[in-house]
Amino acid sequence: MKYSIGIDIGGSNTRVALVDENMNLIERIQFRTNPDDPQETLEKIREVIQGFDKDIVGIGVSCPGPLNLKTGYIINTPNLNESWWTFSIPETITKMTGLPCYLENDANLAALAEAVVGDGKDKDFVQFLTVSTGLGSGQVVHKEIVNGAHGFAHEVANCILWRNGPSHGRLSPGAVEAICSGTAITKRARKAGLDVAHAGEVNDLAVQGDETAAEIMDDAKEYLANMIATLIAVTDPEIVILGGSVAMKIDGFVKDVEDRVKVKVFPPVDQYVDVRPSSLSEDSGLLGAAYLAFSKAGK
């Protein structure tokens, strides 16, 4: 039996998983990411991998973008400090372990997992979006990630949908992530005077009849539906899968978004609209990373 390693480097935690060639996740180990010292985090990764003692063909790494996929560098990300930027993660891991290592955007790898072992496994054109702390996107065609000419395909977070709309971090005002992400929903609610800790609480207030909360949630669903309808118009996927805490934990969120998308696309496209929640757990990035390593190794 051959194995690969899937790694998910996040701002808070790093997870390392051993996955077999049938895409079964055999073992998973988690530890705190050092956001200031990539060398320390990668050294812990090396120790975990060497502890597996299996026939490993390669390593895939999931990391928040945007990334320079040609050099293996993080360009910038709010989740990891500048010491991580322009630090070649795959090159360093290969030197440490002797194994080929491949870096990819976390949303792209989650999309790949959806296309290989999730609800998109029988589809050729799979679109994925994660609606959580941020808003990420990835598309997989014939089990291959669509990267574009420079590796930035489907970096949709900064797509501007609302003139003079909400701003968030380094995003342009009116960007989709500044309207639809969990962080943006919470930020808008607090700015409006609501005492909330996360997007789920904003939704609870909306259900209870709070007009301000209802408007914020309606905006989130409406503009996300606009984004999805635009992606459908441009790329014509067979399925659109939504992951992330906002999509997965807020009751009825995905169905409401799907209903909105259906009335935004042209007939006869509406009959092909299929928006559904992810059937995978939070391990989708690990599974996608492991599959990437297998595919690069020719397994």
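**Entry 1: a helix pair**

I looked up the crossing of α1 and α2 and recorded it as right-handed. I note that the model is predicted.

I then turned to how this pair is described. Two packed helices are described by the angle between their axes and the distance between the axes. For helix α1 (residues 38-52) and helix α2 (residues 89-97), I found an angle of about 45° and axes 10 Å apart. That angle makes α1 oblique to α2, because angles under 35 degrees count as roughly parallel and those from 65 to 115 as roughly perpendicular.

Next I listed the residues that meet. On the α1 side I noted Q39, L42, E43, R46, I49 and Q50. On the α2 side I noted I89, T92, I93, M96 and T97. Sorted by class, this contact of α1 with α2 holds five nonpolar, four polar and two charged residues.

**Entry 2: a pocket**

I next considered empty space. Rolling a probe the size of a water molecule over the atoms shows where such space is left.

Which residues lie nearest its centre? I found E104, E144, N147, L292 and K296 there, out of 13 residues that line the second largest pocket.

I also asked which elements supply the lining. β7 (101-105), β10 (144-145) and α10 (284-297) each supply at least two residues. Of the lining of this pocket, α10 gives the most, with four residues.

Finally, I sorted the lining of the second largest pocket by class and recorded seven nonpolar, two polar and four charged residues.

Notes: Residues numbered from 1 in each chain as written. Predicted model: local features only at pLDDT ≥ 70, side-chain atom pairs only at ≥ 80, totals over all residues. Heavy atoms only, no water. Axes fitted to C-alpha atoms, helices over the stretch in contact; angles between N-to-C directions. Parallel < 35°, antiparallel > 145°, perpendicular 65-115°, else oblique. Left-handed = near helix turned anticlockwise from the far one by under 90°. Contact = heavy atoms within 4.5 Å. Nonpolar A, V, L, I, M, F, W, Y, C, P; charged D, E, K, R; others polar. 1 Å grid on protein atoms, 1.4 Å probe; cavity = no way out; pocket = protein on both sides within 12 Å on 5 of 7 lines; lining within 4 Å.
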